Amino acid sequence: MPNPIQAVIFDQDGLMFDTESLAATSWFEVGPKYGIHVDGNFLRGIRGCKPDKVKQVCTQQFGEEAMKDYDRFREEKRQYSYRWIAEHGVPVKKGLKELLIYLKDHNIKTAVATASSESWTRGNVRGAGVEKYFDDYIYGDMVKEAKPNPAIFLLAARRLEVDPGACVVLEDSFNGIKAAAAGGFNPVMIPDQDQPDEEIRNLLTACCDSLTDVIGLFENGSLSLKQP
């Protein structure tokens with residue numbers, strides 16, 4: 001029987017909200033104006049990374065000349081996403097609220113741990129109507145190292161006062177799964193833009209098609225609920 005789970009830590013983009021596809025579109029739409037042309041492999045490599053790490057990768061990929069307008073490019077890309085959400089609403093992933101209600105009913109602590117900013121995260125969470133279900137929020141600027149370093153998840157666990165081995169981390173990205181595994185957490189992947197390869201599958205506690213299916217992991221005993 002696995003150790004009882006006391007907390008679940010949620011990634012945000014691509015996990016709770018269908019915003020990774022929106023982010024990809026913003027790269028494709030805005031990037032060429034600045035001489036920045038990306039593909040799926042490039043985007044896979046930066047998912048879950050903090051903005052300074054993304055800038056570093058872009059500089060390596062496109063050179064210093066292309067980066068002279070990077071801050072303007074990043075702001076225009078950011079505004080593209082904000083305008084889309086203002087027009088269409090927050091694209092909530094299937095099963096998010098149902099899972100949060102289930103965890104709350106079973107006294108499982110919850111936190112969001114995301115490389116994204118506080119304003120972006122809290123705006124999405126409020127827009128989705130799930131703000132009250134989270135016990136804590138950890139943002140990318142609260143830790144020095146980005147995923148695949150486990151720092152952001154370790155900080156979340158400390159603030160929740162739960163050992164990593166008693167935490168599930170829900171992630172959609174390769175970098176996030178690597179970070180969770182490196183920190184001694186129980187990584188559960190809900191794939192979004194990328195399906196797990198052999199390396200990632202070997203790190204997983206489980207892989208689910210949707211957040212709804214995570215409830216099934218508790219119900220069938222794959223994940224053990226803590227005793228009341």
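In which loop is Ser210 found? In this predicted model, where local features need pLDDT of at least 70, side-chain atom pairs count only at pLDDT 80 or more, and totals for chains, interfaces and linings use all residues, Ser210 lies in the loop between β7 (206-207) and α10 (212-219). Residues are numbered from 1 along each chain as its sequence is written, and side-chain values use heavy atoms, with hydrogens and water left out.

The names of these elements follow DSSP runs, in which helices (H or I) have at least four residues and strands (E) at least two, numbered from the N terminus. Ser210 is buried, with a relative accessible area of 9%, where buried means under 20% relative accessible area, exposed over 50%, and partly exposed in between (1.4 Å probe, protein chains only). Leaving aside residues up to four places away in sequence, Ser210 touches Lys94 and Ile190, a contact being heavy atoms within 4.5 Å.

**The chain as a whole**

The protein chain contains 10 helices and eight strands. Its radius of gyration is 17 Å, close to the 17 Å that the globule rule gives for 228 residues, so the chain is as compact as a globular protein of that length; the radius is taken over C-alpha atoms, and the rule is 2.2 Å times the number of residues to the power 0.38. Some further values for the protein chain are set out below.

| Property | Value |
|---|---|
| Box filled by C-alpha atoms, along the principal axes | roughly 55 × 35 × 30 Å |
| Buried residues | 52% of the 228 residues |
| Contacts with a separation of 6 or more that join residues 24 or more positions apart | 66% |

The chain is divided into domain 1 (5-16 + 90-218) and domain 2 (18-86), with bounds that come from an automatic or database domain assignment. The contact between them takes 23 residues from domain 1 and 16 residues from domain 2, while their centres, taken over C-alpha atoms, are separated by 23 Å.

**Helix α7**

Helix α7 (residues 151-160) is mostly covered, since seven of its 10 residues are buried. These buried residues are Ala151, Ile152, Phe153, Leu155, Ala156, Ala157 and Leu160. An α-helix has 3.6 residues a turn, so residues three or four places apart point the same way. The buried residues of α7 pack against the strands β2 (7-10), β3 (109-114), β4 (136-139) and β5 (167-171), and also against helix α8 (174-182). After α7 comes Glu161, whose phi is positive, near 60 degrees.
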